[in-house]
Amino acid sequence: MKTLLFIAAFLSSCFAFSQEKFTLSGYVSDENGEMLPGVYLVILNSSFGTATNVYGFYSITLPKGNYSVRLSFIGYQTKTIEVDLRSPQKLNVSLNPSARAIDAVTITAERKDENITETTMSNVQIPARIIRKIPNLLGEVDIIKSIQLLPGVQSSVEGSSGFYVRGGNADQNLILLDGATVYNPSHLFGFFSVFNGDAVKNIELFKGGMPAEYGGRLSSVLDVRMNEGNTQKIRGSAGIGLISSRMTIEGPIIKNKMSFILTGRRTYADLMLPFAKDTVARKSKLYFYDLNAKVNYQINQNNRIFLSAYFGRDVNVFGDIFRMNYGNATASLRWNHVFRDKLFSNLTLIFSDFNYDLGIPNGLMAFKWLSHIVDYSLRNDYTYYLNPSNTLKFGLQTTYHTIRPGSIRSIDSTSFMTPLKYPDNHGIESSVFISNEQKAGSRLTLIYGLRLSVFQNIGKGTLYNYDSEFEVTDSTVYKSGDIFNTFSSLEPRLNIRYAINEKSSVKASYSRTSQYLQLASNSTATFPLDMWFMSNPNVKPQKADQVAFGYFRNFRDNSIEVSGEIFYKKVYNAIDFKDHAVLAPQQYLEGELRIGNARSYGAEFLARKQTGKLTGWISYAYIRTFRKISAINQGREFSPTYDKPHNVSIVVNYEINKRFDTGLNWVYSTAIPVTVPTAGYYYNNIWVPQYSERGGTRIPGTAYHRLDFSVNYYFRTFKLESNLNLSIYNVYSRHNAFAIYFRDKNLDMDSKGGETGVEVIKLYLFPIVPSITYNIKF
């Protein structure tokens, strides 16, 4: 009897194994034709399921049969479709927004239980309806300032768009806009980000456990995707605020086949300057603008083409005294192709440029300084839906970098300035990657992958050689096209998720990352004149190993998410600068560098509610960061300026009724470490300070905290949807330090004596700042 049962079981398993299987694939979009990433498809009464990729495409292979497929996405109505799968099928589905979300476009690919079911950890997403209701400086919706409210992400200084992730420097964040690198993500010297919220479709931030398809930076990836445009009808929106106005128009070029979106924004503080009494002010200009454009065309079911572009510029002219202009330009041409339903590919051509020019417009010292960093990239990546338990991703990318540190030229016939040009630097950065997401049973899922990155310095170029005292000894000149140095790095990646039950899971991750481009900056705020430079025989690439562990738990039908993560990160070849370093564009920048190691560790906690009238989150992070470089601080460990151990954020949004909602956020962070004079002496009536160890002091009373508040009123103007936003930044007018410096207590001290020593001077920028913005849709 036992033998017969065994034979029957064996035959049954063989039959199941030999069952015919077919692939169900297609796209999921919203009612306007915008593709929806991250929609979760569940095959009811089975363990099978999948999710759409960032382009809204899905593919799943199942045994022949009848299935009920449920599609769910936060902010949209759940839909169940009956499928008779007896041959390969293409099924495109459109989801309708839920009643509460009709006026809100979801900015992220997220379902209610994604934090439990998603294998990757340390990645964060925020819905647009939350971002648009978060109070911000002068009422400007700001994606980067919103992610600064998340655990593990720290701001640099008051009002800045620079950010630090898990103890990493600001240049260790890879910021992408439709695949193109954005080297300077800020306007107005960092007070506003370059991302116009009306143009953005979804964002995703990876703080750790970085997928194998990303590389080139140590700390994080901020991946921003633009809207594609309404394929059904012409739509538009506009907004008028105290500092800027913006407008968006989108619609079909060919209905259901081809669409466009065009978004613009400009500040207008400079429009008042011609009426100023001061002559210099009347001749001055101070504004920024940006333009986003995208066109997508569906050639057929298997082929789509996307062309997107961004252009932004800051213009700062102070009469005939000084001028400084800077900006980004990016462009991406992408071809999506589906091979046999299981294989999805992207082929992308990418252009990125950041440049600035500064100078004096007129006179004997008139000059113009120009600097550029330009990238040309080719990327080809694939997703292969092998079976319901395995999804392979693989691809390659190569980027040609050109850094033009600077050239100076006279712009006035009477100028005495001598033309000067620093040599350009060229490099090729290439990578290949492969990863697999494998479901090993109903509870355990793994994503394991490997990335190989290669960086090559290429001529024409000059390499300077330094002695042990960092003095130039000689140089070597390389001809155009000569490859004179090669670095390579193997970067393993691993994410593990174990589902304890339907409401909780534990996760772990490990990643190695490498970085070949660095930023020369010695300020706490990101600044447009900070200079990028490449790894070379004098500057080895930075590398980092990060491990993380986390526990994730949901409550009340997945409406409340709670998570805790701990991490440790070790950085090799960490770069810092010697005391009193000269970081202006120069030939001998490598002589200003000092190399060592760094480490950071911490814990992050997040409680978040995304549904209902009351939404928001509470986060706390404890993060420490240290560097150890033999030539700095006498070889002792020290804290960089962004080492702020305690960070708290509270974000609350409440929908009072259909006409009113309110927003509130409160933030706190520890005072930054500074290097202070602890002693000194007078020499010829001049105070000569002696400093503490680097970053050895936190000045009492300089901890950062701020409360912001906003209220939105929704109504109709001539039958058009409108809303009025009132925001108050820094409600209790906290004088948060933008900069701290020191000065002699007795500048007028004479030989008879007086008070000696130094005093701390705290410079702050923003007291209480109210603002009002009017928005309309048409």
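**Salt bridges**

Modeller: Asp142 counts as buried because its relative accessibility is 2%; buried means under 20% relative accessible area, exposed over 50%, partly exposed in between (1.4 Å probe, protein chains only). The side chain of Asp142 meets that of Lys145 in a salt bridge, at 3.4 Å from N to O. A salt bridge here is a side-chain nitrogen of Lys or Arg within 4 Å of a carboxyl oxygen of Asp or Glu. Lys145 is also buried, because its relative accessibility is 10%.

This is a predicted model: local features need pLDDT of at least 70, side-chain atom pairs count only at pLDDT 80 or more, and totals for chains, interfaces and linings use all residues. Residues are numbered from 1 along each chain as its sequence is written, and side-chain values use heavy atoms, with hydrogens and water left out.

Next comes Arg313. Its side chain meets that of Asp357 in a salt bridge of 3.2 Å, N to O. This pair links distant parts of the chain, 44 residues apart: Arg313 is in strand 22 (residues 303–318) and Asp357 in strand 24 (residues 343–360). Strands are DSSP runs (E, at least two residues), numbered from the N terminus. Both Arg313 and Asp357 are buried.

Arg698 lies in the loop between strands 43 and 44, and Asp643 in the loop between strands 39 and 40, so the pair ties together parts 55 residues apart in sequence. Arg698 is partly exposed at 27% relative accessibility. Asp643 is buried, at 0%.

Salt bridges also form a network, which links Arg166, Lys207, Glu565 and Glu604. The structure holds 30 salt bridges.

Conventions: Helix = DSSP H or I, 4+ residues; strand = E, 2+ residues; numbered from the N terminus.
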